Amino acid sequence: QVQLVESGGGVVQAGGSLRLSCAASGRSLSGVALGWFRQAPSKEREFVAAISRSGSITRSADSVKGRFTISRDNAKNTVYLQMNSLNPEDTALYYCAVSGGNSYGPWDYWGQGIQVTVSA
């Protein structure tokens, strides 16, 4: 079993930046694909970004491409999401996830989520 804990969320003005971290315990993240998702109020959870087991391949949703970057540090057992040029549409609860397969899922483990609020 793996436990995931997100941090780094908060309130930021439009145009600002935040870096989310997701630290894992209970197992090593080496060799597993990792992802970030988000859920805005009254909306379904949506994919944000994912990184392959090796870290050499990343993919992201069109809505965040060029603004958000996913990365990983296996030594720290942590995955990151650098978010730049934030806008109010990015306001959501952000979740990290561990894949049981590849960077397309399935997503077996989830963090509890962390709030990101972008003010206009």
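S42 is exposed, with a relative accessible area of 84%; exposed means over 50%, buried under 20% and partly exposed in between, using a 1.4 Å probe and protein chains only. S42 sits in the loop between β4 and β5 (46-51), where strands (E, at least two residues) and helices (H or I, at least four) are DSSP runs numbered from the N terminus. Its phi is near 65°, a positive value in a residue other than glycine.

This is a predicted model, in which local features need pLDDT of at least 70 and side-chain atom pairs count only at pLDDT 80 or more, while totals for chains, interfaces and linings use all residues. Residues are numbered from 1 along each chain as its sequence is written, and side-chain values use heavy atoms, with hydrogens and water left out.

**The four-stranded sheet**

- Strands of a sheet pair through backbone hydrogen bonds, either parallel or antiparallel.
- Here, an open sheet of four strands has the order β1-β3-β8-β7, with antiparallel pairing; two strands count as paired if DSSP finds at least two bridges between them.
- β1 (3-7) and β7 are the edge strands, each pairing on one side only.
- On average, neighbouring strands of this sheet are turned by 15° against each other, direction ignored; the axes are lines fitted to C-alpha atoms (for helices, over the stretch in contact), and angles run from 0 to 180 degrees between N-to-C directions.
- Strand β3 (residues 18-25) runs antiparallel to β8 and is joined to β8 by six bridges, and A23 stands opposite T78 in β8.
- β7 and β8 also pair in the antiparallel sense over six bridges, with I70 opposite L81 in β8.

**The hairpin turn and N77**

- β7 and β8 form a hairpin with four residues between them.
- N77 lies in the loop between β7 (68-73) and β8 (78-83), and in this turn N77 has a positive phi of about 55°.
- N77 is buried, at a relative accessible area of 13%.
- A polar atom of the N77 side chain lies 2.7 Å from the backbone nitrogen of L29; a polar contact is a pair of N or O atoms within 3.5 Å, where within protein one must be able to donate a hydrogen and the other to accept it, and residues adjacent in sequence count only if both atoms are side-chain atoms.
- Leaving out residues up to four places away in sequence, N77 touches C22, A23, A24, R27, S28, L29 and S30; contact means heavy atoms within 4.5 Å.

**Salt bridges**

- Side chains of opposite charge can pair when their charged atoms come close.
- The whole structure holds four salt bridges, each a side-chain nitrogen of Lys or Arg within 4 Å of a carboxyl oxygen of Asp or Glu.
- R38, E46, R67 and D90 are linked in a network of salt bridges.
- D90 lies in the loop between β8 and β9 (92-102) and R38 in strand β4 (residues 34-39), so the pair ties together parts that are 52 residues apart in sequence.
- D90 is buried, at 1% relative accessibility.
- Elsewhere, K65 and D62 meet in a salt bridge at 3.3 Å, N to O, and both residues are exposed.

**A look at R67**

- R67 is in the loop between β6 (58-60) and β7 and is buried, at 15% relative accessibility.
- The R67 side chain reaches the backbone oxygen of S63 at 2.9 Å.
- Not counting residues up to four places away in sequence, R67 touches Q82, M83, N84, S85, L86, N87 and D90.

**Backbone features to look for**

- Most residues other than glycine have a negative phi, and most peptide bonds are trans.
- S85, in the loop between β8 and β9, has a positive phi of about 50° although it is not a glycine, and S85 is partly exposed at 42% relative accessibility.
- The peptide bond from G105 to P106 is cis, with omega near 0°, and P106 lies in strand β10 (residues 105-110).
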